[in-house]
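User: I have a structure open and would like to learn how to read it. Can we take it feature by feature?

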Amino acid sequence: MLEIVNLHAEIEGKKILKGIDLKVNVGEVHAIMGPNGSGKSTLAQVLAGRESYSVSQGEIRYQGKDLLDMDPDERAREGVFMAFQYPVEIPGVSNAYFLKSGLNAVRKHHGLEELDAMEFLKLIKEKAKSVNMDETLLNRPVNQGFSGGEKKRNEIFQMAVLEPKLAILDETDSGLDIDALRIVADGINKFRSKSNAVILVTHYQRILSYVVPDHVHVLLNGRIVRSGGKELALQLEEKGYDWVKEESEVTV
Amino acid sequence: MSTETNTIEQLATKEYKYGFVTDVEQETIQKGLNEDVVRLISEKKGEPAWMLEWRLKAFRHWQELEKSNAEPTWANIKFGPIDYQGIRYYSAPKNKPKLNSLDEVDPEIRKTFEKLGIPLEEQKLLSGVAVDAVFDSVSVATTFKAKLGELGIIFCSFSEAVREHPDLVKQYLGSVVPHTDNFFAALNSAVFSDGSFAYIPKGVRCPMELSTYFRINAKETGQFERTLIVADEGATVSYLEGCTAPMRDENQLHAAVVELVALDNATIKYSTIQNWYPGDKEGKGGIYNFVTKRGKCQGKNSKITWTQVETGAAITWKYPGCILQGDNSVGEFYSVAVTNNYQQADTGTKMIHLGKNTRSTVVSKGISAGHGQNSYRGLIKISKKAVGARNFSQCDSLLIGDQCGAHTFPYMEVKNSTARIEHEASTSKIGEDQIFYCKQRGISTEDAVNMIVNGFCKEVFRELPMEFAVEAQKLLSISLEGSVG
């Protein structure tokens, strides 16, 4: 589904990603772990198409297409979704209206009929229930006045409604208490299926106890220095990132 | 021949309605302004002597103002000197060439019509194409007129009101905006061309939105429009001014005056959509819209609401206000002003609290894009006698891009210690973050900007009559087209 080859990216002349290779197959959950500043979020942003990052080398194939050639909105319509680390507020625009515009843009792109207000309302009520989201949040302005946990839950809710093919979750677990974490993890587990893929960007092993990944990659200084199964996350938890650092220095 | 066909025929030939209009060239008077010109205007309109006297008084006052260079300069707008002697103060009709079909209309304007979803026949009317006699709203207009007549509601052109209802006009004309009010009001009082007059009798709730749009003969009323609306005791009326279609006009200076009078327990809602030609992308041309609009809540428990969506004109200078004279009267002002490219707007309101327990609400949303400059200027005045007066003002500015500007000039004069005044102001920028967030959900940049701007204006659009609100949203998106990325 997704193939990243020798990806180099920078922001304001500062090189962040220095040759990433990653292959994600449909039906898989990949965890990208790494210490602060290792380039995890940059990878997520580049995949989503944030304009402030520039790709200097490498390529990204998504479902046989050149992802880097697509605008962010086109990527979204093609099924790439990113849950934001810091969800954005849009005053005066209701959460439901915002999501309806997004969903209908995606549907239109695929030649499907746009949902009318009634059909849409039915859909979001169901989905809200499945991620344990308070229905009153649907009519509130997008993310305005939401608590940290509500914002993150809203991202997972949007994912559930939009049903993307590739979901990139950028530190969705950060700043959540244990109950909120469980709800979010539950939402991800409900979403994951044989027909989609998830890239879970995280700093902590914590969420991986709930969302069990198929592959774990450790990102360090803009490169993937180690890949493994779910046990790698546990090793990291135990030994810390320094352990990988030392190891990687030896191999280099 | 049925009466309806008669009316249609009359309307189809309305260009010649005033009888003396036979040759466009002959009907345009010399440039410049003097007493003779004022007399000529009054004569052409067949006005009674008292109306001429009124005009002359205003003219003499304006002359004094002009001599002493009293043209207002305090507003946050920039423009070259206006040559008042270079303007033609009378021409009827507009010497716009009549077109034979829509194909002759500027393609840019046609595109906008289509985006706004304006029906074909209406497009023709708006752009001056000869109209078929079967035009829908003609019959609509006639039906409406009959229905209004049954209720005793008077709704006609200002000229007609001067002839047919002189007592009402005499009683209220200039009672809210006297000719001495300001430079442009004085000019308007001397040379006003035409406009609308509405009177709602005691206890009558006007069953439909009154709109210049249905009053076909109000088209092309020219640059010095005069409107007077009186709601008698217990009457209610909602009035719509303008339309979303782009309005081109060869006259650069527009100085209109609108007066509203609400007696005891009366309610007037006045909604405006202004889409005059804003000038081109480089800021060349465009209308100077210098308007004086004021309502007087004369009676107790009366209420006046101004709602405006200002997207056009090169320069907008306009402060629809309320004089809250009656006890417990309420004044409201809801405004969206957009400036794109090189447009400038200095707009806001005046709420003058005179009576007891008077309340006012001000919600102003300024949107600046391109090189646009947008200023909110508002005065809240609480007089000594206005015990228990309350005001709430909220002024928000939204910036799109980094070449534009937003300014806020709130003034307050409080002479009664029981008054409560709240003022909130904010300035925000459409962030790249917001747009990216929308795009990441599949929404295009253009739709994202529209969504964010409409969200910003929500509190004002809510105040507009339903179909106006829908049109206003579309208009906003057209006005801001291409302002991002």
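User: What share of the contacts in chain A with a separation of 6 or more comes from residues 24 or more positions apart?

Analyst: Keep in mind that this is a predicted model. In chain A, 71% of those contacts join residues 24 or more positions apart.

User: How many helices and strands does chain A have?

Analyst: Chain A has eight helices and 12 strands. Its radius of gyration is 18 Å, close to the 18 Å from the globule rule for 252 residues, so chain A is as compact as a globular protein of that length. The C-alpha atoms fill a box of roughly 60 × 40 × 35 Å along the principal axes. Buried residues are 46% of the 252.

User: How do I read a sheet? What is the strand order in the open sheet of four strands in chain A?

Analyst: Strands of a sheet pair through backbone hydrogen bonds, either parallel or antiparallel. Here the order is S2-S1-S4-S5 of chain A, and the pairing is antiparallel. Strands S2 (14-24) and S5 (65-66) of chain A are the edges, each pairing on one side only. Between S1 (residues 2-11) and S4 (residues 53-62) of chain A there are eight bridges. Leu2(A) stands opposite Tyr62(A) in S4(A). Helix H1 (residues 40-48) of chain A packs on this sheet and touches S1, S2 and S4 of chain A. The direction of helix H1 of chain A makes about 70° with that of S2(A).

User: Now the core. Which residues have the most contacts inside the largest nonpolar core?

Analyst: In soluble globular proteins, nonpolar side chains tend to be buried together. The largest nonpolar core here has 187 residues, and Ile168(A), Ala231(B) and Val237(B) have the most contacts inside it. Helix H12 (residues 445-461) of chain B gives the largest share, nine residues.

User: Is Ser393(B) buried or exposed?

Analyst: Count the C-beta neighbours. Ser393(B) has 24 inside 10 Å, so it counts as buried. Ser393(B) lies in strand S17 (residues 390-399) of chain B. Its contacts beyond four places in sequence include Val362(B), Pro410(B) and His423(B). Glu424(B) is 31 residues away along the chain, yet the two C-alpha atoms are separated by 6.1 Å.

User: Last, the interface. How many residues of chain A are in contact with chain B?

Analyst: 20 residues of chain A contact 16 residues of chain B. Helix H2 (72-77), strand S7 (90-94), helix H3 (95-109) and helix H5 (148-162) of chain A each supply at least two residues to that side. By class, the chain A side has 13 nonpolar, four polar and three charged residues.

Note on methods. Residues numbered from 1 in each chain as written. Chains lettered and ligands numbered in written order. Predicted model: local features only at pLDDT ≥ 70, side-chain atom pairs only at ≥ 80, totals over all residues. Rg over C-alpha atoms; globule rule 2.2 N^0.38 Å. Buried ≥ 20, exposed ≤ 12 C-beta atoms within 10 Å, placed from the backbone. Contact = placed C-beta atoms within 7 Å. Nonpolar A, V, L, I, M, F, W, Y, C, P; charged D, E, K, R; others polar. Core = buried A, V, L, I, M, F, W, Y, C linked by C-beta atoms within 7 Å. Pairing = 2+ DSSP bridges. Axes fitted to C-alpha atoms, helices over the stretch in contact; angles between N-to-C directions.
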